[in-house]
Amino acid sequence: MTAKLRLAVAGVGNNISALFQGAQLYAKLAAQGVPESEFPGIKRARIGGLGVSDIEFVAAFDLHPNKVGKPFAEAVLAEPNNYPRLEVDLPDPKFEVTAGLVAADADPESEAFRRIVTELRESDAEVLLYSLPTGLQWAADAYAKAALEAKVAFVNCTPEIVARSPEMLTAYESAGVPLVGDDLASHFGTSVVHRALLGLIAERGLTLASSYQLNFGGNEDFRNLRDHGASKRDSKINALAQDNISPDKIEVIPSAGYIGHLKDHKVAVLNIEGLGWAGTPISLDLKLQVQDSSNAAGVIIDLIRVAAASRRAELPGFPVAAVRVLKSPAGGHPSYTPDMVEEGFRKLEAADVATGR
């Protein structure tokens, strides 16, 4: 029997609430006799033997006073989180959220940094999921270094540069630890849809004149992105990169507006202007609405399972299997073919990854 994935999280926000609650929902479906192949919103029921409900939360770090010192099961539902409450009974993982790092703690010799490393080791975590607000490069670096020292696989959900750093990637490879990043590409997010449509323009031989995407939402991520959206914009542009598409004709605004009453819903607007035969114009306008944190959790579940399976299989560095669910993978999207990605999954399935110890 495959041991559960032992997960630590940095940042106890909406994405973690969606992941925690959603995993219990799938466990409930399984208990009701629903086959894994019929689970809604799941492409791969198992990765390296790990199912979508095979998660055990073992440690969590945050700075918000509504969360620090609180039992995890309570903190994950606390304001300002506004992900909806699912109709499931939630377990109590029996640990409290502890104080995360502040900028002054980024030094690996600081007391707080040493405490994070110790907690990762003592919790026997396999994966540290980094899900703090966008724009904190120092924090992404510090948590990645803490995970590396603790020999814990690191998953970077944010646009900060971690797996794209040659120095960090080399350090993880040398230590025999997986490093997954950067920036999750949501289940059916704006970047995924935008990339597909731009690809269609190129495939059909049309000329791209201009394109833009605007994103609106009412959760803390959108509030933060109003002032700290530069790295997110860069990552979204990375996600759109492909042959025959000029990035200088594309504009992306990650948070075109924080609208509180939208809560955890995201609304995105896309526009594409092009030229066809004889220079005649074509124009496409599209509106997309999603539950923002469900959209994230639907790929986080794959990222953490790829990370854990890679660690168990002793496959260090960046796992190619993660490419399709990242906006800015190490090396960039053009470096990978679909066959390479599938081969990455085959390696995980072929390895003996039953135990997380």
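Analyst: In strand 11, Asn271 is the bridge partner of Tyr212, and this pair belongs to the contact between strand 9 (residues 207-217) and strand 11 (residues 265-275), which run antiparallel and are joined by 10 bridges. The model is a predicted one, in which local features need pLDDT of at least 70 and side-chain atom pairs count only at pLDDT 80 or more, while totals for chains, interfaces and linings use all residues. Residues are numbered from 1 along each chain as its sequence is written, and side-chain values use heavy atoms, with hydrogens and water left out.

Strands here are DSSP runs of E with at least two residues, and helices are runs of H or I with at least four residues, both numbered from the N terminus; two strands count as paired if DSSP finds at least two bridges between them. On that basis, strands 10-9-11-12 form, in this order, an open sheet of 4 strands with mixed pairing. Strand 10 (250-258) and strand 12 (281-291) each have a single partner strand and stand at the edges, so one side of each is left without a neighbour in the sheet. On average, and with direction ignored, neighbouring strands of this sheet are turned by 15 degrees against each other, where axes are lines fitted to C-alpha atoms, for helices over the stretch in contact, and angles between N-to-C directions run from 0 to 180 degrees.

Helix 8 (residues 230-240) packs on the sheet and touches strand 9 and strand 10, its direction making about 135 degrees with that of strand 10; contact means heavy atoms within 4.5 Å. Helix 9 (residues 292-312) lies across strand 11 and strand 12, and runs at about 90 degrees to strand 12.
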